[in-house]
Amino acid sequence: MAMVVICGQPCSGKSIAAQCLSDALHAVDEKLTIRIIDESSFHLDRNQSYADMSAEKNLRGVLRSEVDRSLPKDNIVIVDSLNSIKGYRYELWCIARAAGIRYCVLFCDADESSCREWNKERIEKAEGSYNDKIFEDLIRRFEKPDRRNRWDCPLFELYPSKDGIEQSSAAIADAVSYLTKKVDSRTKSIKLLQPTVATQNVRVSEANSLYEMDRATQEVINAIMEAQSQALGGPTSGISLGQNLPTISFISVVFHCWWLLCIYTCESQNMHAMCQSDKIKIWFRLLIYF
């Protein structure tokens, strides 16, 4: 149904914002299925997950895979992580576009001094925190979202160091309205991402699809030949192809259906893999039988 990407510097109140957003959505509709995906969902330590680029890359891969698996049409997925790299936010946007759902970014815009202070308080309380080296590195590499980018739009901004984070915050209220508003032909403020050719799953044909088509075609041909032999060359009233299958009254209908089937099959993956001589054989059989 929707994906919400929580974005912000370390210790900027992202988890609080995610929980407030979830509570606000449930207040509007208790039947909504909401899932928050974060590092704690996989029992990952923050300092170990961001110790080096390899560990951080693995963390992003785990979160991205879980988001991809959690995106049926009736779910609202809240990605509660740093999401500090614009390239990673673009990857999440591509997942949402492939699923054809709503997408938005909730940005916790907190001052660096406030984030440092909150991180020290968490260290004193033995809560989830970052050591000084990792914290400064994440602050330095943070890429602020820009609403001019497709993957950062629509952008709802929270200011935790000034206004705090509450369920009634303006940005959370706007995000709830965007996520729950019904879409019709007159709605212009809500945008559902549409999958493109690059993001659509390729239809995979069965390995024996060509054999099955040829076998079914041969059965139809045998039925036609048998009906013609029984009619002694005269017109046939109907040709039965088997149980639960329609009766064919005219040979022209068979020809038309087989013609369309050949055209459709030629566009499939198996026909593209065939050599030109095999394609010619199929068309030659068509000319012989009809």
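Predicted model: local features only at pLDDT ≥ 70, side-chain atom pairs only at ≥ 80, totals over all residues.

Mentor: Residues are numbered from 1 along each chain as its sequence is written, and side-chain values use heavy atoms, with hydrogens and water left out.

Trainee: What pLDDT does the protein average?
Mentor: The average is 81, and 71% of the residues score at least 70; pLDDT is the predictor's confidence in each residue, from 0 to 100. Over residues 286–290 pLDDT stays under 50, and the model has 9 contacts beyond four places in sequence for them. Contact means heavy atoms within 4.5 Å.

Trainee: What makes β2 and β5 edge strands?
Mentor: Each of them, β2 (33–37) and β5 (155–158), pairs on one side only. The open sheet has 5 strands in the order β2-β3-β1-β4-β5, with parallel pairing. Strands (E, at least two residues) and helices (H or I, at least four) are DSSP runs, numbered from the N terminus. From one strand to the next the twist averages 20°.

Trainee: How do you know that β1 and β4 pair?
Mentor: Two strands pair if DSSP finds at least two bridges between them. Strand β1 (residues 2–8) and strand β4 (residues 102–108) have 7 bridges in the parallel sense, so they pair by that rule. C7 has F107 in β4 as its bridge partner. Helix α3 (residues 53–69) packs on the sheet, where α3 touches β1, β2 and β3 (75–80), and its direction makes about 170° with that of β2.

Trainee: Why are α5 and α6 called roughly antiparallel?
Mentor: Angles run from 0 to 180 degrees between N-to-C directions, and axes are lines fitted to C-alpha atoms, for helices over the stretch in contact. Angles under 35 degrees count as roughly parallel, over 145 as roughly antiparallel, 65 to 115 as roughly perpendicular and the rest as oblique. Helix α5 (residues 112–124) and helix α6 (residues 132–141) pack at about 155°, with axes 12 Å apart, and are therefore roughly antiparallel.

Trainee: Which residues of α5 and α6 meet?
Mentor: E112, C115, R116 and N119 in α5 meet F135, E136 and I139 in α6. These divide into 3 nonpolar, 1 polar and 3 charged. Ala, Val, Leu, Ile, Met, Phe, Trp, Tyr, Cys and Pro count as nonpolar, Asp, Glu, Lys and Arg as charged, and the others, Gly among them, as polar.

Trainee: Why are α1 and α8 called oblique?
Mentor: Helix α1 (residues 14–28) and helix α8 (residues 170–180) pack at about 50°, with axes 10 Å apart; α1 and α8 are therefore oblique. The contact of α1 with α8 divides into 10 nonpolar, 1 polar and no charged residues.

Trainee: What makes α3 roughly parallel to α4?
Mentor: α3 and helix α4 (residues 86–99) pack at about 15°, with axes 10 Å apart. That angle makes α3 roughly parallel to α4. The residues of this contact divide into 5 nonpolar, no polar and 4 charged.

Trainee: What is the omega of the cis peptide bond joining C153 and P154?
Mentor: Omega is about -5° there, and P154 is found in the loop between α6 and β5.

Trainee: Where does C11 lie?
Mentor: C11 lies in the loop between β1 and α1. Its phi is near 60°, a positive value in a residue other than glycine.
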